[in-house]
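Please look through the sequence and the model below, and follow the chain as the paragraphs lead from its strands to its helices.

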Amino acid sequence: QIVCFYHKEGEAYLEYRSDLDDAPVFRASNRVAVKARKKALWMWKIEALCVYNAAGAVVCSEDNHYRIKHVVTNKYLIQNENRLEMTDDYLAAGTQFNFRQFAKDAKDEYIHSLGLVYIRTLRGYSLHQRVEAGPPGADGDAPTTDILKETPVDLALSEGLSERDAMLVMPIFPGSISSVVQIRRAMLVLADFSSLLESVPEKAMAGDAPLPPALSEEANMVLKHTALCFDAVMATLKTLVMNATFDEDHNPMSREGPPNRLMQKLLRELNGISVVMHLVQLPFTRGLNINWMASKDARFKKLVDIISMAYRLMKQVVKDDERNALELHKYVGVIRSHLGKGLSCTVTLKEIYVGKRKLLSMIKQDLIDLFMVL
């Protein structure tokens, strides 16, 4: 089963973000309607220990144990001493959990959607929301005790459970799950390509280095990996670009239209912007000079095509979306260094600021001058 765990008393979802810490947190949210979209970071898969029980119902019992996997990252909850963390090793000690019904007189032993349960470790600890004091109150003496936007997950002995630690099992519609899985698979394709490029030894090139007749070993390795992954990476990027907007134009490089809001949100939640921007920078730390891309040299065509399509995706991701634009704005320096190199990033740079008042207020004079030239 793929579900979300909602701390009803604390009004927060169990969430994990790999870019922040190695532990899950409770993320405050009032998005509790069954039909409301659940964030990808809130999705967890309850896995049976034995493959033969994979399709069975989840039983609330001390004798039935399960693993709890984060759908986005493929990491598992694990008890490490008295701390709840995440791990890639599903066979590690501490990854087994069981469930206990909230109602003491519950007659049904199975977990149901919108049912209340306690999540317990094999060692008898249960998930517990740590309530931290907020900022000082108005009188300056007593701190407030409001639940913060993000609160840590503690482990408490089951004997000391209180009613407030029960979790509401929130259902997820199959369509939402398939969208998350589709984006996640696309990110894995791009991440695999980045991993291949990272395997090439680093070699920085001077900005004014001329294009040599024979490339270095590192540069040739980058081009070899690019040729090997070209079909899969381009197909992935094209699919993402096409799905990011609603339009009848089937050319991804000229396709314009209203943005797909769900796609924009999912790409943000699955770290799509950082994955893509990491990819477009890697080749130029491995023996290739960014200035060579403007030479129209046939050796670089596949690499230029990939980076151009990646920038087209970034353009659609930030279109009319200020949150995504703020995230991409962190890479403005990188994008500016790629201008005029035949990588089709000019429209991406402009799209970051179009119709976004907060970002427009951050523009400096040198960027204004640059826009006047573009």
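In strand S4, the residue Lys 45 is the bridge partner of Ile 2, and this pair belongs to the contact between S1 and S4, two strands that run antiparallel and are joined by two bridges. Please keep in mind, while reading on, that the model is a predicted one.

Strand S1, which covers residues 2-7, is also joined by two bridges to strand S2, residues 12-15, and these two strands again run antiparallel. Here His 7 has Ala 12 in S2 as its bridge partner. S1 and S2 together form a hairpin with four residues between them, and in the turn Glu 11 has a positive phi of about 55°. From S2 the pairing continues to strand S3, residues 25-28, in the antiparallel sense and over four bridges, with Glu 15 standing opposite Val 25 in S3.

Side chains of opposite charge can pair when their charged atoms come close. Glu 62 forms a salt bridge with Arg 120, and the closest N and O atoms of this pair are 3.5 Å apart. The two partners link distant parts of the chain, for Glu 62 is in the loop between strand S4 (44-48) and strand S5 (66-70), whereas Arg 120 is in strand S9 (residues 116-121), 58 residues apart. In the whole structure, a search finds 17 salt bridges.

The helices come next, and two packed helices are described by the angle between their axes and the distance between the axes. Helix H1 (residues 174-198) packs with helix H2 (residues 217-243) at an angle of about 160°, and their axes are 10 Å apart. H1 and H2 are therefore roughly antiparallel to each other, and H1 passes H2 in a left-handed crossing. Among the residues that meet here are Ile 183, Met 187 and Phe 193 in H1 and Val 222, Cys 229 and Leu 240 in H2. By class, the residues of this contact of H1 with H2 divide into 14 nonpolar, six polar and no charged.

H1 also packs with helix H3 (residues 261-269), at an angle of about 55° and with the axes 10 Å apart, and H1 and H3 are therefore oblique to each other. Their crossing is right-handed. Ser 179, Val 180, Ile 183 and Met 187 of H1 make the contact with Leu 262, Met 263, Leu 266 and Leu 267 of H3, and this contact has seven nonpolar residues, one polar and no charged ones.

Conventions: Residues numbered from 1 in each chain as written. Predicted model: local features only at pLDDT ≥ 70, side-chain atom pairs only at ≥ 80, totals over all residues. Heavy atoms only, no water. Pairing = 2+ DSSP bridges. Salt bridge = Lys/Arg side-chain N within 4 Å of Asp/Glu carboxyl O. Axes fitted to C-alpha atoms, helices over the stretch in contact; angles between N-to-C directions. Parallel < 35°, antiparallel > 145°, perpendicular 65-115°, else oblique. Left-handed = near helix turned anticlockwise from the far one by under 90°. Contact = heavy atoms within 4.5 Å. Nonpolar A, V, L, I, M, F, W, Y, C, P; charged D, E, K, R; others polar.
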